[in-house]
Amino acid sequence: MQDGYFTLMQQLAPDLAQEIELRALVLERIGALQPVGRRQLAARLNLPEREVRTVATLLKRHGLITLDAAGMCLTPAAENALPMARRFSRELKGLTRLETALAERLWRKVAALRICEDDAGKTNLSLMDTGGSVLVVSQFTLYADARRGNRPSFTGAAAPELAEHLYERFCELAEKDLGPARVGRGVFGAHMRVSLVNHGPFTVLLDTDELGWTSSKG
């Protein structure tokens, strides 16, 4: 019934569906960047500033954001509504099943990888065994193809729309198993300065094709 509802909504009121997606996206970005000015947010979203101003005015009118000299911030009401807005937006785009299957496969593998040392110094323990924490940072440049020429190609990386929702879903799964306090997040699409103590280093590349996933599986 739910799938049929969203399909019908997209057919009968595509403009309404797009408006809901836009408002959910603006809320998500404000939540990630707050406090953030309208001009900066428009640049991040690659949207006209006037369009962002219109959406922000509506969100403020409904008590979902505050706006002052420092910029826009989410209200407690918006913080509560944001998870549902994310899920609703994903449903409208038809990404939920795809991202859920892919994110679950990746998270199960990450959580079970035996890459942590035991008392003998051997890598026999998993993240779940040690009670460790994770820092999840999106980085599409890892998918660079440098086989030809000297300029890396990123055409094989997922589209931002899918990649962001996949990233969010992966974080949600991690938080469900580990608890929010043990899951650190980056800001999708942002230029970040990441500081950490890298023990090892120990680098493992997980490819979804090698994990038994192909796009033909839907």
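**Starting from one residue**

Tutor: Glu 28 is in contact (heavy atoms within 4.5 Å) with Leu 82, Arg 86, His 165 and Glu 168, leaving aside its neighbours within four places in sequence. Before going on, note that this is a predicted model, in which local features need pLDDT of at least 70 and side-chain atom pairs count only at pLDDT 80 or more, while totals for chains, interfaces and linings use all residues. Residues are numbered from 1 along each chain as its sequence is written, and side-chain values use heavy atoms, with hydrogens and water left out.

Student: Is Glu 28 buried or exposed?

Tutor: Buried means under 20% relative accessible area, exposed over 50%, and partly exposed in between, with a 1.4 Å probe and protein chains only. Glu 28 has a relative accessible area of 7%, so it counts as buried. Glu 28 lies in helix H2.

Student: How are helices and strands assigned, and how many of each does the protein chain have?

Tutor: They are DSSP runs numbered from the N terminus: helices (H or I) have at least four residues and strands (E) at least two. The protein chain has eight helices and six strands. Buried residues make up 30% of its 218 residues.

Student: Which residues of H4 are buried?

Tutor: They are Val 52, Val 55, Ala 56, Leu 58 and Leu 59. These residues lie on the same side of H4 because they cover an arc of only 160° around the axis, the arc being that of the directions from the helix axis to the C-beta atoms. Their cover includes helix H2 (14-33), helix H3 (38-45), strand E1 (65-68) and strand E2 (71-74).

Student: Which exposed residues does the face turned away from the buried side of H4 carry?

Tutor: That face has Arg 50, Thr 54 and Arg 61. Just after H4, Gly 63 takes a positive phi of about 75°.

Student: Where is Leu 142 found?

Tutor: Leu 142 is in the loop between E5 and helix H8 (160-178). With 64% relative accessibility, Leu 142 counts as exposed. Phe 154 is twelve residues apart from Leu 142 along the chain, and their C-alpha atoms are separated by 8.9 Å.

Student: And what about Leu 135: in which strand does it lie?

Tutor: Leu 135 lies in strand E5 (residues 134-136). Its relative accessible area is 46%, so Leu 135 is partly exposed.
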